[in-house]
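This report describes how some parts of one protein chain pack together. Please keep the structure in view while reading.

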Amino acid sequence: MAYFPWQDFLSSGIDAMDAAHREQLDLLNRLADPAARGDQAVFRETLDLLAQHLAAHMAEEEQAMADSGYLFAERHRRRHQEQRETLEKWRGRAASGWWPWQGGSFHIQAMNGFVRHIVEEDHPFATFLQTGRVGRSRLAA
């Protein structure tokens, strides 16, 4: 079940970037599925898959920023680091028995971070790759 379906506004216009984001969205949505089944092991396994996916995606994106001379690469890289740290915190807590649905807002917070990163960081980078100019997200226009 997709708790948060792909929306057109998330598209960057770069197929590889959008494919990676769709996969990330699928994994984030899969994190909500164990709540219905009460399966903490599947939750932990999905967090591990998400960590693997993000590590590869972020490395590719950071290399593309370096190769293209993107002016805001360092800020974008710091945002990636913040995401990695958040995910590692979730994984550590899950390994010690944390069950996020006891608090109720985990999935909403995860999706909010996902959308915010795409709009604030990835859209401007995609615009730079496509036009060679630094600009805001197309949503900010």
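**Helix packing**

The model is predicted.

| Helix pair | Angle between axes | Distance between axes | Handedness of crossing |
|---|---|---|---|
| H2 (residues 40-68) and H3 | roughly 170° | within 10 Å | left-handed |
| H3 (residues 73-95) and H4 (residues 106-131) | about 165° | 11 Å | left-handed |

Why do H2 and H3 count as roughly antiparallel? Angles over 145 degrees are classed as roughly antiparallel, and the axes of H2 and H3 cross at roughly 170°. H2 and H3 are therefore roughly antiparallel to each other. The residues of H2 that take part in this contact include Phe 43, Leu 47, Leu 54, Met 58 and Met 65. On the H3 side, the residues include His 76, His 80, Leu 87, Trp 90 and Ala 94. By class, the contact of H2 with H3 has 12 nonpolar, 3 polar and 8 charged residues.

The axes of H3 and H4 pack at about 165°, and H3 and H4 are therefore also roughly antiparallel to each other. From H3, this contact involves Arg 75, His 76, Arg 79, His 80, Gln 83 and Trp 90. Among the residues they meet in H4 are Phe 106, Gly 113, His 117, Glu 120 and Phe 125. The contact of H3 with H4 divides into 4 nonpolar, 5 polar and 5 charged residues.

Ala 32 is part of helix H1, which spans residues 15-37. Is Ala 32 buried or exposed? Its relative accessible area is 6%, so Ala 32 is buried. Along the chain, Ala 32 and His 107 are 75 residues apart, while their C-alpha atoms are separated by 6.5 Å.

**Aromatic rings**

The count of aromatic pairs comes to 3. One of them joins Tyr 70 and Phe 125, with ring centres 4.9 Å apart and 55° between the planes, a tilted arrangement. Tyr 70 lies in the loop between H2 and H3 and Phe 125 lies in H4, so this pair ties together parts that are 55 residues apart in sequence. Tyr 70 has 4% relative accessibility and counts as buried; Phe 125, at 1%, also counts as buried.

Tyr 70 also pairs with Phe 128, again tilted, at 5.3 Å centre to centre and 50° between the planes. Phe 128 is in helix H4, 58 residues from Tyr 70. With a relative accessible area of 11%, Phe 128 is buried.

Which residues form one aromatic cluster? The cluster consists of Tyr 70, Phe 72, Phe 125 and Phe 128.

Notes. Residues numbered from 1 in each chain as written. Predicted model: local features only at pLDDT ≥ 70, side-chain atom pairs only at ≥ 80, totals over all residues. Heavy atoms only, no water. Axes fitted to C-alpha atoms, helices over the stretch in contact; angles between N-to-C directions. Helix = DSSP H or I, 4+ residues; strand = E, 2+ residues; numbered from the N terminus. Parallel < 35°, antiparallel > 145°, perpendicular 65-115°, else oblique. Left-handed = near helix turned anticlockwise from the far one by under 90°. Contact = heavy atoms within 4.5 Å. Nonpolar A, V, L, I, M, F, W, Y, C, P; charged D, E, K, R; others polar. Buried < 20%, exposed > 50% of the residue type's maximum accessible area, 1.4 Å probe, protein only. Phe/Tyr/Trp six-rings, centres within 6.5 Å; stacked < 30°, edge-to-face > 60°.
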